[in-house]
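Please consult the sequence and the structure alongside the text.

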Amino acid sequence: MAHIAGKNGNVYSGATVIDTCESAWTAGGAGRATSTTTGKVGTNCTRVTTTTIGATTLLQYKDIVSKDLTSYDAIYAWFRSSVTTAAGALQFLVDEGTGASAPEETLNIPVLTTTVWRRCLLPMTTPSALNAVLSVGLYQATDLADGTFDVDDVEAIAEVDGIKSWSLDYTADTLETTDFGDAGVKSYIIGGAGWSGTFEGYKDGIPLSIGSAIILALGESLTPGQQWLGDAFITEVHPNVAHDGIVSYTYNFVGSGALQSASL
């Protein structure tokens, strides 16, 4: 049985929008048609529909106003496919040129289940070199046959420096429904789910602020799919100074909305 080492885990927060995907991207070539459809965030997402194309090909891309991503560490976006995909069958491209034709970053998208939106955290390899990103794209690395492939709300997200551990509580309320028909044996139904937790580490940069609304990604490792993803609020900040002068911080958070669990 394989075991996951947490030594490569990270906490990410904060974001800069790369593209809202409210308008259609550009088709990567023949056999690809781009459009918009109802999205996951906002009104629309960008969609590419394929018709008999090769196994390795650019599906769609977007030329953007130059973005400096040197202070960010990962791409954070929503993806959906009309067919179930294996990990890496679809890839997200980040390019300092136009047309996503010679990408500096080629990021494997985790498994997608047919027609189900999935929010993905895709750690970049060398973001320190990305000071003028001009395009992003969606690439098919293996033949997925004909289908539709959607992208929404593409953002860059930064690692919270100095963090050494995190913990998460993901719970559901139990509501008692015992009545006389239960003959003295208690019965329950599941109510609303919620999540909260903490992360802590050494001070390295500007601390997060109480009340901050953040996009939170709790990574078990750097492997796409081994993260817990959702929106949260920082509810408590606890600075601590030891006698040896090391300054550390503990942050408490409460999730807002659905939590996407680690899938690998």
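## Enclosed cavity

The largest cavity holds about 60 Å³ of space. A cavity is a set of points, on a 1 Å grid over the protein atoms alone, where a 1.4 Å probe fits but cannot get out, and lining residues have an atom within 4 Å of a point. Grid points are joined across faces, edges and corners, and a volume is the space filled by probe spheres set on the points. The structure has one cavity of 30 Å³ or more.

This is a predicted model, in which local features need pLDDT of at least 70 and side-chain atom pairs count only at pLDDT 80 or more, while totals for chains, interfaces and linings use all residues. Residues are numbered from 1 along each chain as its sequence is written, and side-chain values use heavy atoms, with hydrogens and water left out.

Residues lining the largest cavity include Pro 110, Arg 118, Arg 119, Cys 120, Leu 121, Gln 227 and Leu 229. Strand E9 (118-123) and strand E15 (227-241) each contribute at least two lining residues; strands are DSSP runs (E, at least two residues) numbered from the N terminus. E9 provides the largest share, four residues. The lining comprises five nonpolar, five polar and two charged residues, where Ala, Val, Leu, Ile, Met, Phe, Trp, Tyr, Cys and Pro count as nonpolar, Asp, Glu, Lys and Arg as charged, and the others, Gly among them, as polar.

## Largest pocket

The largest pocket has a volume of about 320 Å³. A pocket is an open set of grid points with protein on both sides within 12 Å along at least five of seven lines. The pocket is lined by 22 residues, of which Glu 159, Val 160, Asp 161, Asp 204 and Ile 206 are the closest to its centre. By class, this lining has twelve nonpolar, five polar and five charged residues. Strand E1 gives the most to the lining, with three residues.

## Open sheet

Five strands make up an open sheet with antiparallel pairing, in the order E2-E5-E10-E7-E8. Strands E2 (26-27) and E8 (105-108) stand at the edges with a single partner strand each, so one side of each is left without a neighbour in the sheet. Two strands pair if DSSP finds at least two bridges between them.

E10 is joined to E5 by seven bridges and to E7 by six. Within these pairings, Asp 63 stands opposite Ser 135, and Leu 90 stands opposite Gln 140. Four bridges link E7 to E8, where Phe 92 has Leu 107 as its bridge partner. Six of the eight residues of E10 are buried, that is, under 20% relative accessible area with a 1.4 Å probe and protein chains only.

## Nonpolar cores and a buried arginine

A nonpolar core is a set of buried Ala, Val, Leu, Ile, Met, Phe, Trp, Tyr and Cys residues joined through side-chain atoms within 4.5 Å. The largest has 32 residues, among which Ile 75, Phe 79, Phe 92, Ile 109 and Val 154 touch the most other members. E11 gives the most to this core, with five residues. A second, separate core of 15 residues includes Trp 195, Leu 218, Ala 232 and Tyr 251.

Beyond four places in sequence, Val 154 touches residues including Trp 25, Ile 75 and Phe 92; contact means heavy atoms within 4.5 Å. Arg 80, in strand E6 (residues 74-81), is buried with a relative accessible area of 15%. Among its contacts, leaving aside neighbours within four places in sequence, are Arg 47, Trp 117, Phe 149 and Asp 150.

Methods: Buried means under 20% relative accessible area, exposed over 50%, partly exposed in between (1.4 Å probe, protein chains only).
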